[in-house]
Structure formats: structure tokens, C-alpha cells
Amino acid sequence: MKKIAILLPHCIQKYDCNLKITNNIENCKMCGLCDISEIIRLKDEFKHISIKVATGGTLARLYLKEERPNLVIAVACKRDLTSGVRDSFPIPVYGVFNKIINTPCKDTRVAVDEIRKVLREVGTT
């Protein structure tokens, strides 16, 4: 059975949201103002995935060391994703660039459908 980790940057959460999701993504109230609610729905749709929001590379590396997944789907900006893929070796990583809407590191978006497509291809349902 494949163990898949989805690793997200904290910047995809609405910047002025009062809810802290970095320690538990389930703290989201599913308001739909950011992509976190759609990401949480992936947990219901696909089995054997874990989802974690990291505030930086050190926390992301710690999470991967603890989880030891067979595959990582990582969402980040180009610079962070490039270094993150190198840091995760030998774990295979499928990278998804986040969409910078106005400014980096604030209210970014993610192509949830692309993540869903990867999960279907690797057969986690």
C-alpha cells in the first residue's frame, strides 16, 4: 500500500484567517475563501494520504522524516519547490507550483484538480 503525503505551504491559507491550520489542517472551517477546504475534501476522496501544512523547509523536512511516505505531492513556489525536491531525496516528489495571485507568500492558490489527477494515477482510492 502506498503512503502518500501532500505537503502544502502556509501561504495558500487566506492571509487574514484566524484559524491556525499549520498544526492541524482539520482546524479549517471550510468557508471556501481559500483552497484548504478543497484539499481537505481530498482526504475523504482518497485513502492512505496525509496532508500537512509547513511554514518552511525545516518543518517540511521534519514532517517527511516522521511520515516516511512512498511519494510526496508538494505544493510551493518555484524556488522553494526546487530546493524541497532536492532535500527530499530519495523520496519521489511530484511538484505542483502554487499560483501567486497578487504577491508571493500571501493568499496563493493551488490547482487542486492537478493533485487529484496525480492521486488517481497512483491509485489511492
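In helix H4 (residues 112-122), five residues are tucked away: Val112, Ile115, Arg116, Val118 and Leu119 are buried, where buried means under 20% relative accessible area, exposed means over 50% and partly exposed lies in between (1.4 Å probe, protein chains only). These five sit on the same side of H4, because they cover an arc of only 160 degrees around the axis, taken from the directions from the helix axis to the C-beta atoms. Keep in mind that this is a predicted model, where local features need pLDDT of at least 70 and side-chain atom pairs count only at pLDDT 80 or more, while totals for chains, interfaces and linings use all residues. Residues are numbered from 1 along each chain as its sequence is written, and side-chain values use heavy atoms, with hydrogens and water left out.

**Helix H4**

- Helices (H or I, at least four residues) and strands (E, at least two) are DSSP runs, numbered from the N terminus.
- An α-helix has 3.6 residues a turn, so residues three or four places apart point the same way.
- Asp113, Lys117, Arg120 and Glu121 are exposed, on the face of H4 turned away from its buried side.
- The cover over the buried residues of H4 includes strands S1 (4-9), S2 (49-54), S3 (71-76) and S4 (93-97), along with helix H1 (36-45).

- Four strands make an open sheet in the order S2-S1-S3-S4, with parallel pairing; two strands pair if DSSP finds at least two bridges between them.
- S2 and S4 stand at the edges with a single partner strand each, so one side of each has no neighbour in the sheet.
- On average, neighbouring strands here are turned by 15 degrees against each other, direction ignored.
- S1 and S3 run parallel and are joined by four bridges, and Ile6 stands opposite Ile73 in S3.
- H1 lies across S1 and S2, running at about 160 degrees to S2; such angles run from 0 to 180 degrees between N-to-C directions, with axes fitted to C-alpha atoms, for helices over the stretch in contact (heavy atoms within 4.5 Å).

**Cysteines**

- Searching the whole structure turns up zero disulfides, a disulfide being a pair of cysteine sulfur atoms within 2.5 Å.
- Cys28 is buried, with a relative accessible area of 15%, and its sulfur is 5.7 Å from the closest cysteine sulfur, in Cys34, too far for a bond.
- Cys77 is partly exposed at 21% relative accessible area; the closest cysteine sulfur to its own is in Cys105, 6.1 Å away, which is too far for a bond.
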